Amino acid sequence: MSEAKSYEVLLEDGVFLPRDLPLWEAAKPYLDVRNNDEHTVGVYALARMLLRDMPEADESVVLPAVVLHDVGWKTVPEEELFNAIGSAPTRLDLVREHEVRGREIAAEILDRVKPEGVDIDHVLAIIDGHDTRDTAISPSDAVMKDADKAWRLTPNGIRLIKEWYGDEATDAWFVEMVERRSNPKMLTPVGIAFARAITASLKADMMLDRYMGGSHA
Ligand SMILES: [Fe+2]
Ligand SMILES: [Fe+2]
């Protein structure tokens, strides 16, 4: 078997469920700012994994909510996008703004695409508050919130966040940011465990010199 073929086998199931592909296509034009498209694919994959440990959550609510949760950032002026996030945000009002506008855009998309068996009111309620509401309105909301925050600790999230912030984004900056701003917001046992474990491994990476005498490659 060639290497290319083995990759095909490895990835043949894809990330998105067939039900959600039309939603993804409809959302994509709204996700081409600040890597929200890559972010959404990663959050979806994480949400599917978290759902395995959260049978009380409803995948037909969580996954459509994931696809549509950040469409509202498209309406925020591009030069302001980075002032709404990071370790010291100055435009937190824009976080609320992207939820409100995101709910409106998501309602239009859901009305147009009409995914079967999806509780649209629940999906919209989750989008409206996915960042600014620290408590969950349902187990499905908790899974969506945790997948969104957990993305920061994935290879894709770490790479993109470090790209966004450039020299400021040292390993120490990154760990401080997640420990202060996102890990405390995790809600599900599986999400909390994931955040703790990855953060511990990042700290271990930062301490390699202490234990390896600076000899590691
Ligand atoms: Fe968001
Ligand atoms: Fe997000």
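This is a predicted model: local features need pLDDT of at least 70, side-chain atom pairs count only at pLDDT 80 or more; totals for chains, interfaces and linings use all residues.
Residues are numbered from 1 along each chain as its sequence is written, and chains are lettered from A and ligands numbered from 1 in the order in which they are written.

Let us start inside. A nonpolar core here is a set of buried Ala, Val, Leu, Ile, Met, Phe, Trp, Tyr and Cys residues joined through C-beta atoms within 7 Å. Buried means that 20 or more other C-beta atoms lie within 10 Å of a residue's own; with 12 or fewer the residue is exposed, and in between it is partly exposed, with C-beta atoms placed from the backbone. The largest nonpolar core has 41 residues, and A47, V62, V66, V143 and A147 touch the most other members. Several helices supply at least two residues each, among them α2 (21–27), α3 (36–52), α4 (59–68) and α5 (93–113). The most comes from α4, which gives 7 residues to this core. Helices (H or I, at least four residues) and strands (E, at least two) are DSSP runs, numbered from the N terminus.

Contact here means that the C-beta atoms of two residues, placed from the backbone, lie within 7 Å.

Now for the helix pairs. Two packed helices are described by the angle between their axes and the distance between the axes. Axes are lines fitted to C-alpha atoms, for helices over the stretch in contact, and angles run from 0 to 180 degrees between N-to-C directions. The axes of α3 and α4 come within 9 Å and cross at roughly 165°, which makes α3 roughly antiparallel to α4. Angles under 35 degrees count as roughly parallel, over 145 as roughly antiparallel, 65 to 115 as roughly perpendicular and the rest as oblique. On the α3 side, the contact uses T40, V43, Y44, A47 and L51, and α4 answers with E59, V62, L63, V66 and V67.

A second pair is α5 and α6, whose axes lie 8 Å apart at an angle of about 155°. These two helices are therefore also roughly antiparallel. Here E99, G102, R103, A106, A107 and L110 of α5 meet I120, V123, L124 and I127 of α6.

Two residues show the contrast between inside and outside. V67 sits in helix α4 and counts as buried because it has 29 C-beta neighbours inside 10 Å. V67 touches D20, L23, W24, A27, T40 and Y44, again not counting residues up to four places away in sequence. Y7, in helix α1 (residues 3–11), counts as exposed, because it has 10 C-beta neighbours inside 10 Å.

Finally, the loops. Most residues other than glycine have a negative phi. R34, in the loop between α2 and α3, has a positive phi near 45°, and R34 is partly exposed, with 19 other C-beta atoms within 10 Å. K114 lies in the loop between α5 and α6 and has a positive phi of about 50°. K114 is exposed, with 10 other C-beta atoms within 10 Å.
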